[in-house]
Amino acid sequence: SELITAGRDGSIKQWDANSGVMRRELQWNGPVTSMDLSSDGTQLAVGHSPVEGQTFAVAELIDLSLDEPQVIAALMPRDSKDGRDWTGVVPTVQSIQLDQTSGSALLSLYFPTQSQVGEPRETSSATQSGYEVGRWFWNHGRARFQTVSTGSSGAVSSAVLRRQEKR
């Protein structure tokens with residue numbers, strides 16, 4: 001079996017889980033806060049947290065089946081076609097879950113409401129709590145993010161999609 005780890009330094013490491021030997025290290029864009037691996041082990045969804053003064057994807061989909069893994073989709077903080085502009089308050093991905101059948105991932109995002117120096121920041125347009133759950137679709141010609149209404153009055157800091165089997 002294989003273990004995949006990641007950290008704040010942006011490195012993603014693949015290990016032999018039995019021997020503890022590192023097989024491969026990937027240097028990535030920014031601090032990794034969450035990951036999910038496809039059932040066949042070929043795709044890795046990675047969620048990031050922002051770094052002041054740097055711009056990189058909020059989430060990425062990586063093809064691990066290649067000799068040199070590559071990003072095959074990225075959810076950027078800004079997309080004019082989608083009407084999304086998170087550049088003023090870039091979220092941290094709290095959790096990410098792949099759904100390969102729909103070409104999407106479920107993301108729980110935290111939008112900081114305070115800057116590091118205590119200045120108020122805008123909250124996400126969809127929520128006043130700072131938390132937002134949504135689906136990121138990457139198979140539609142561009143990365144599209146669609147907020148999921150949870151009907152909850154409290155903050156939803158993490159979410160998971162449970163598939164119902166058809167009977």
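Here's a quick briefing on a hairpin, an aromatic cluster and one tyrosine in this structure. Keep in mind that the model is predicted. The aromatic part centres on Trp86, which joins Phe111 and Phe145 in a cluster linked by ring pairs. Elsewhere, strands 4 and 5 make a hairpin, and Tyr131 sits in strand 12.

**The hairpin**

- Strand 4 covers residues 32–37 and strand 5 covers residues 43–48; the two run antiparallel and pair over five bridges.
- Five residues separate the two strands of the hairpin, and Gly41, in the turn, has a positive phi of about 75 degrees.

**The aromatic cluster**

- Searching the whole structure turns up four aromatic pairs.
- One of them is Trp86 with Phe111, an edge-to-face pair with 5.4 Å from centre to centre and 80 degrees between the planes.
- Trp86 is in the loop between strand 9 (84–85) and strand 10 (92–99), while Phe111 is in the loop between strand 11 (104–110) and strand 12 (131–137), so this pair ties together parts that are 25 residues apart in sequence.
- How about burial: are Trp86 and Phe111 buried or exposed? Both Trp86 and Phe111 are buried.
- Trp86 also pairs with Phe145: the ring centres are 5.2 Å apart and the planes are at 80 degrees, and because edge-to-face takes an angle over 60 degrees, this pair counts as edge-to-face too.
- Phe145 belongs to strand 13 (residues 144–147) and Trp86 to the loop between strand 9 and strand 10, so here the pair ties together parts that are 59 residues apart in sequence.
- Like Trp86, Phe145 is buried.

**A charge over the ring**

- What lies over the face of Trp86? That's Arg84, at 5.4 Å from the centre of the Trp86 ring.

**Tyr131 and its surroundings**

- Tyr131 has a relative accessible area of 23%, so it counts as partly exposed; the buried class stops at under 20%.
- Leaving aside residues up to four places away in sequence, Tyr131 touches Gln94, Leu109, Tyr110, Ala155, Val156 and Ser157.
- Take Gln94 from that list of contacts: Tyr131 and Gln94 are 37 residues apart in sequence, yet their C-alpha atoms are 9.2 Å apart in space.

Note on methods: Residues are numbered from 1 along each chain as its sequence is written. This is a predicted model: local features need pLDDT of at least 70, side-chain atom pairs count only at pLDDT 80 or more; totals for chains, interfaces and linings use all residues. Side-chain values use heavy atoms; hydrogens and water are left out. Two strands pair if DSSP finds at least two bridges between them. Helices (H or I, at least four residues) and strands (E, at least two) are DSSP runs, numbered from the N terminus. Rings of Phe, Tyr and Trp (its six-membered ring) pair if their centres lie within 6.5 Å; planes under 30 degrees apart count as stacked, over 60 as edge-to-face and the rest as tilted. Buried means under 20% relative accessible area, exposed over 50%, partly exposed in between (1.4 Å probe, protein chains only). A charge sits over a ring if NZ of Lys or CZ of Arg is within 6 Å of the ring centre and within 35 degrees of the ring normal. Contact means heavy atoms within 4.5 Å.
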